[in-house]
Amino acid sequence: MKMALTQDKYDAWMNNLKEFGLLEPEEVIEDYIKGDYWSFSGQTRGQYLFTNKKVVFFSGFGVKVVPIQYSNIRGIKKCMVSLFIPTGIKVTVFDPEKNKEVSHKLSVMKRANWMNYLSQKSGVPLQ
């Protein structure tokens, strides 16, 4: 996939990730897309940043930050968001802090491409 960030925006996102303590040494942004994050409280609009180690969702001004380590992904499958919108990706992740699996609902255009990307990065086959 081709990254949709200009160099200035890339640098700004790298600085933001560093400021939030979300970058490991030698971690870089590989791709980016706008999308939504769905939870029990509803839909949150924002951006997904795909690094070489994780995907991070940021809503406006860092109000909501959701990092998902590729190494913790246990399942990836299609899902609907809202009641009938076919753009959802349900990602099941082991959360070491809670010592259990939790699910995240990502909503992006070209869902199949991003599911394949997550599968490739995590080594988890699509369900």
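Predicted model: local features only at pLDDT ≥ 70, side-chain atom pairs only at ≥ 80, totals over all residues.
Where is Met-109 found in this chain? Met-109 sits in the loop between β7 (100-107) and α2, where helices (H or I, at least four residues) and strands (E, at least two) are DSSP runs numbered from the N terminus. Residues are numbered from 1 along each chain as its sequence is written, and side-chain values use heavy atoms, with hydrogens and water left out.

Staying with Met-109 for a moment, this residue counts as exposed at 60% relative accessibility, and for the whole talk buried means under 20% relative accessible area, exposed over 50%, and partly exposed in between, with a 1.4 Å probe and protein chains only. The C-alpha atoms of Met-109 and Pro-86 are separated by 9.3 Å, although the two residues are 23 residues apart along the chain. In that loop between β7 and α2 we also find Lys-110, which has a phi near 55°, a positive value in a residue other than glycine, and which is exposed with a relative accessible area of 63%.

Let me turn to the strands, where two strands are said to pair if DSSP finds at least two bridges between them. Strand β3 (residues 54-59) pairs with β4 in the antiparallel sense over five bridges, and within this pairing Phe-57 stands opposite Val-66 in β4. In a regular strand the side chains alternate between the two faces of the sheet. Strand β4 (residues 65-69) has Val-66 and Ile-68 on a covered face, whereas Val-65, Pro-67 and Gln-69 make up an uncovered one.

Further along, β5 and β6 pair in the antiparallel sense over seven bridges, with Cys-79 opposite Gly-88 in β6. These two strands form a hairpin with three residues between them, and Ser-82 in the turn has a positive phi of about 60°. Phe-84 is found in the loop between β5 (73-81) and β6 (85-95), and Phe-84 is exposed, with a relative accessible area of 63%. Together with Leu-83 and Ile-85, Phe-84 forms a nonpolar patch on the surface, with about 360 Å² of accessible area. For such patches, residues need over 30% relative accessible area and no salt bridge, with like charges joined within 9 Å and nonpolar side chains (Val, Leu, Ile, Met, Phe, Trp, Tyr) within 5 Å, and the areas come from the Shrake-Rupley method with a 1.4 Å probe, where for residues only the protein chains shown count as cover.

The next pairing is that of β6 with β7, which run antiparallel and are joined by eight bridges, and here the bridge partner of Phe-94 in β7 is Glu-101. The hairpin of β6 and β7 has four residues between the strands, and in it Asn-99 takes a positive phi near 55°. Asn-99 is exposed, with a relative accessible area of 59%.

Now to the charged side chains: how many salt bridges does the structure hold? There are three salt bridges, each being a side-chain nitrogen of Lys or Arg within 4 Å of a carboxyl oxygen of Asp or Glu.

One of them joins the side chains of Glu-24 and Lys-53, at 3.9 Å from N to O. This pair links distant parts of the chain, with Glu-24 in the loop between α1 (7-19) and β1 (29-39) and Lys-53 in the loop between β2 (42-51) and β3, 29 residues apart.

Another brings together Lys-54 and Glu-27, at 2.9 Å from N to O. Lys-54 lies in strand β3 and Glu-27 in the loop between α1 and β1, so the pair ties together parts that are 27 residues apart in sequence. Both Lys-54 and Glu-27 are buried.

There is also a salt bridge between Glu-30 and Lys-121, at 2.7 Å from N to O. Glu-30 lies in strand β1 and Lys-121 in helix α2 (residues 111-122), so this pair ties together parts that are 91 residues apart in sequence.

I will end with Asp-36, whose place is in strand β1. Asp-36 is buried yet has no salt bridge, the nearest side chain of opposite charge being Arg-45 at 4.5 Å; Lys and Arg count as positive and Asp and Glu as negative, while His and the chain ends are not counted. The side chain of Asp-36 does make a polar contact with the side chain of Gln-43, at 2.7 Å. A polar contact is a pair of N or O atoms within 3.5 Å, where within protein one must be able to donate a hydrogen and the other to accept it, and residues adjacent in sequence count only if both atoms are side-chain atoms.
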